[in-house]
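Here's a quick walk through one structure, written for someone who likes to see the contacts spelled out. Have the viewer open as you read.

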Amino acid sequence: MRDVSSGRSRGTGTPLSCHGPASAPRPRGRRSAPWGCGVGVPAPHCPPGDTDWGSHHSQGCRTGGGSHHPRGHGEGVPPLLGLQSWGSRHPPAPGDMEWGSHLPQGCRARVPPPHHPTGHGAGALPDRALVNCQYSMATFSTGERKRRPHGDRKSSEMTLHLKQTFEAAILTELYPRSQIDIYVQILQADGGNYCACVNAATLAVIDAGIPMRDYVCASSAGFVEDTALADLSYVEEASGGPQAALALLPTSGQIALLQMDSRLHEDHLEAVIEAASGACRAVHAVLDGVVRDHVREVTALLGD
Amino acid sequence: TSFPIYCRTVEPLEYYRRFLKENCRPDGRELGEFRATTVNIGSITTADGSALVKLGNTTVICGVKAELAAPAVDSANKGYIVPNVELPSLCSTRFRSGPPGEEAQAASQFIADVIENSQIIAKEDLCIANGKLAWVLYCDIICLDYDGNILDASAFALLAALKNVQLPSVTINEETGLSEVNLKQKNPLVIRKHPVATSFAIFDDTLLVVDPTAEEEDLATGTVTIVTDEEDRLCSVHKPGGSPLTGAKLQDCITRAITRHKEVKKLIDKVIKSIKPN
């Protein structure tokens, strides 16, 4: 897993504050472009809550053994993980919020409270909620300026996949004749776009208070030189090897979405899925920790 | 004064007036006080320059991408700056997905005017070879969280992002006529002027509050935005209809805008200095 660092914003009395760019240490030879997940959610009953998570990666980790590979080093190195979170608006005094020193980078998700269906000809479903996703990439998120941030084929496909993933996880029967929107925006793309979106959107849905069967954690995986690799960066994806994206419901171990569009020998499939699942479970641990910390903080504040 | 909290949703204007009578606002600010401002520069590595600005809860990110193009025929020695402000449905439920709405288009035009009027960058500086090659700077400003005062935040984000832009040096090979881009040698943009926007909301035709939140903007009867540069000169006064203002009140706004400019300039300088050279 790529390294994702964690931090929380603190309130401060100074009206103006500033921070330089993220200063996470970057080992030589690694790509320095980080990606991450950002999450913002307005909760229905309190001032719109907004938590952002970002990540930096400083190194890739291999799973599944193998000898020297430029990507990682040492077998059995536990994946370094942490989700960077900052900027919650839940403390009631907005005047003294300070942005943490790491930015929201990568991807941002927002889930407004479930509401009456808007537009979309199809109308409401009588027994469950309609899940409506929107995926968009900022024009500056890729190396080359992206001319069509949404509406093109890739975005539509991504939107559909997100919708299907979350329809599998959200308990839509509890919101008949309503619509749940999930808006996701990629600010910086460095491989694993779908996975970042799923992880961010999971947190957003949890923050919105919409019940889900389980966390949905996603990771990509590939197969290079007889080694299964988890969490591919853009360079690794572009190299053309087989790659798969996996969205997992970690507690039950059920797969919500598995997508692979390349040639891979069936003997290797197990290894690839195993690598991706391992990364998903690691992400789950982080997401869970962050959510629990956040809830602890909020209840402590409300309790005062 | 204690009054029921539901007043805020049932009678928002009355609720608000009670605060204004005491010369303050529901979030505890004074009428002339800005929200906590934070800026973060250079976080998006895929962009040539980027900045994230937070004005309280309003969050705006600006990414600048530079491309090469042929200059226009009638201005052969000028490059282009193309701003665009996006208010996606992500930032607030008030915005529907689809083509850019009125507010986004008005904001884009405002930013384009600020760039033009303030001469923040001389377009001649963007020219590489007269009539053949020039830089195009695409400045995309995306609102990530909408809580009022989008114009100030966008202008600030744009200024900070442009200060962060590093353009690779480009030479034209005399023999082949092709351009050669040297990514290893990067030069920062020359920022001629530093325009800073300050917005006010007008209440009941008389009271002016600076840096309105989304709630305050909805209750206001008018808005004014003043853009000044570092020589205390006016670059732009934007008052789109709304309650009429006396000349004296407008002068007060300009004075406050000049003070705000100094605050913002100090903040930007501090951030630029804190960036470790890489």
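What follows covers the annotated domain, the cores, the salt bridges and a surface patch.

Keep in mind that this is a predicted model. Let's start with the annotation: an unreviewed UniProt entry puts the feature "domain: Exoribonuclease phosphorolytic" at residues 33-168 and 195-258 of chain B. The 33-168 span of chain B is 24% helix and 37% strand, and its end C-alpha atoms sit 40 Å apart. For residues 195-258 of chain B, the end C-alpha atoms are 10 Å apart, with 28% helix and 38% strand.

**Cores**

The largest nonpolar core has 68 residues, and B:Ile121, B:Leu137, B:Leu162 and B:Leu189 touch the most other members. Helix α4(B) is the top contributor to this core, giving 11 residues. Leaving out residues up to four places away in sequence, B:Leu162 touches B:Val64, B:Ile120, B:Ile121, B:Leu137, B:Cys139, B:Leu189 and B:Ile191. There's also a second, separate core of 36 residues, including A:Cys107, A:Ala169, A:Val184 and A:Ala204.

Back in helix α4 of chain B (residues 150-164), have a look at B:Ala157. Is B:Ala157 buried or exposed? Its relative accessible area is 0%, so B:Ala157 is buried. Beyond its neighbours within four places in sequence, B:Ala157 is in contact with B:Ala51, B:Val53, B:Val60 and B:Cys62.

**Salt bridges**

Over all chains, the count comes to 26 salt bridges. Here are three of them, all in side-chain terms.

| Pair | N to O distance |
|---|---|
| B:Arg192 and B:Asp125 | 2.8 Å |
| B:Glu263 and B:Arg256 | 3.7 Å |
| B:Asp269 and B:Lys265 | 3.4 Å |

Why does the B:Arg192 and B:Asp125 pair tie together parts that are 67 residues apart in sequence? Because B:Arg192 lies in the loop between β8 and β9 (196-203) of chain B, while B:Asp125 is in the loop between α3 (102-118) and β5 (127-129) of chain B. B:Arg192 counts as partly exposed at 43% relative accessibility, and B:Asp125 does too, at 34%.

B:Asp269 and B:Lys265, on the other hand, both lie in helix α6 of chain B (residues 247-274), four residues apart, or about one turn of the helix. As for B:Arg256, a relative accessible area of 19% makes it buried, since the cut-off is under 20%.

**Surface patch**

Finally, B:Leu68, B:Val181 and B:Leu183 form a nonpolar patch on the surface, together showing about 260 Å² of accessible area. B:Val181 sits in strand β8 of chain B (residues 179-188) and counts as partly exposed, at 41% relative accessibility.

Definitions and conventions. Residues are numbered from 1 along each chain as its sequence is written. Chains are lettered from A and ligands numbered from 1 in the order in which they are written. This is a predicted model: local features need pLDDT of at least 70, side-chain atom pairs count only at pLDDT 80 or more; totals for chains, interfaces and linings use all residues. Side-chain values use heavy atoms; hydrogens and water are left out. Patches are made of residues with over 30% relative accessible area and no salt bridge: like charges are joined within 9 Å, nonpolar side chains (Val, Leu, Ile, Met, Phe, Trp, Tyr) within 5 Å. Accessible areas come from the Shrake-Rupley method with a 1.4 Å probe; for residues, only the protein chains shown count as cover. A salt bridge is a side-chain nitrogen of Lys or Arg within 4 Å of a carboxyl oxygen of Asp or Glu. Helices (H or I, at least four residues) and strands (E, at least two) are DSSP runs, numbered from the N terminus. Buried means under 20% relative accessible area, exposed over 50%, partly exposed in between (1.4 Å probe, protein chains only). Contact means heavy atoms within 4.5 Å. UniProt positions are given in the numbering used here, feature names are shortened, and annotations may be inferred rather than shown by experiment. A nonpolar core is a set of buried Ala, Val, Leu, Ile, Met, Phe, Trp, Tyr and Cys residues joined through side-chain atoms within 4.5 Å.
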